[in-house]
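Q: Please take me through this structure feature by feature. I would like the rule for each term before the case.

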Amino acid sequence: MKTVLLGAASAIVMSTAAFAEQYVCNIKAAKDSFVSPVLAFELVPGQDSALVYDVFVHEVHGEPVAAKVKKMGGDKYRLQWVVNGIPTTTTPARVSYRATIDIATKQVFVRGNIFAADNTVQGRGACVIE
């Protein structure tokens, strides 16, 4: 699956402007949680949207999805997106994600809130610019 995500991240790189920054992040989270072990995203500093791709986006949409971007101060940005219809053993899940990236340190923190459940999942990791 990591190869598929890296390939998709490469596709993002090829299809966008030269000033966009593409990140691939390895995330450490609880096993079998709704946090992907690999997160790829494209960020254009100063823009209010980005593209995000991970295993759940791949499974549900097959291509990157739009995320809202908010500058948090310093070198930190917050990305927010929703994936609706993640397959589970019962009802498909809807998860609202929020990732905070520090572009200076290349560190990321990801949190997911599962709708209709009282669960929050999270992970953290390191990113590289592709």
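A: Start with the elements: helices (H or I, at least four residues) and strands (E, at least two) are DSSP runs, numbered from the N terminus. By that reading, A93 is found in strand 6. The model is predicted, so local features need pLDDT of at least 70 and side-chain atom pairs count only at pLDDT 80 or more, while totals for chains, interfaces and linings use all residues. Residues are numbered from 1 along each chain as its sequence is written, and side-chain values use heavy atoms, with hydrogens and water left out.

Q: How many helices and strands does the protein have, and in what order do the elements run?

A: There are two helices and eight strands. From the N terminus on, the order is α-β-β-β-α-β-β-β-β-β.

Q: Is A93 buried or exposed?

A: Buried means under 20% relative accessible area, exposed means over 50%, and partly exposed is in between (1.4 Å probe, protein chains only). A93 has 9% relative accessibility and therefore counts as buried. Over the protein, which has 130 residues, buried residues make up 40%.

Q: Where is V57, and how far is its C-alpha atom from that of V82?

A: V57 is in helix 2. At 0% relative accessibility, V57 is buried. The C-alpha atoms of V57 and V82 are separated by 9.1 Å, with the residues 25 apart along the chain.

Q: Which loop holds P37?

A: P37 lies in the loop between strand 1 and strand 2. Its relative accessibility is 47%, so P37 counts as partly exposed. C-alpha to C-alpha, P37 and G123 are 8.7 Å apart in space, against 86 residues in sequence.

Q: How many aromatic pairs are there?

A: Rings of Phe, Tyr and Trp (its six-membered ring) pair if their centres lie within 6.5 Å; planes under 30 degrees apart count as stacked, over 60 as edge-to-face and the rest as tilted. The count by this rule is three aromatic pairs. One of them is Y23 with F41, a stacked pair at 5.1 Å centre to centre and 20° between the planes. This pair links distant parts of the chain, since Y23 is in strand 1 (residues 21-29) and F41 in strand 2 (residues 38-43), 18 residues apart. Y23 is buried at a relative accessible area of 1%, and F41 is buried at 3%.

Also among the pairs is F34 with F56, which is tilted: 5.9 Å centre to centre and 50° between the planes. F34 sits in the loop between strand 1 and strand 2 and F56 in helix 2 (residues 55-60), so the pair ties together parts 22 residues apart in sequence. Both F34 and F56 are buried.

Q: What sits over the ring of F115?

A: A charge sits over a ring if NZ of Lys or CZ of Arg is within 6 Å of the ring centre and within 35 degrees of the ring normal. In this model the charged end of R94 sits over the ring of F115, 4.3 Å from the ring centre.

Q: Which residues does the disulfide join?

A: A disulfide is a pair of cysteine sulfur atoms within 2.5 Å. A search of the whole structure finds one. That disulfide joins C25 to C127, with an S to S distance of 2.0 Å. The link is right-handed, with 100° about the S-S bond. C25 is in strand 1 and C127 in strand 8 (residues 120-129), 102 residues apart, and the pair links distant parts of the chain. Both C25 and C127 are buried.

Q: What is phi of K106, and where does K106 lie?

A: Phi of K106 is near 65°, a positive value in a residue other than glycine. K106 lies in the loop between strand 6 (93-102) and strand 7 (107-114). With 24% relative accessibility, K106 counts as partly exposed.
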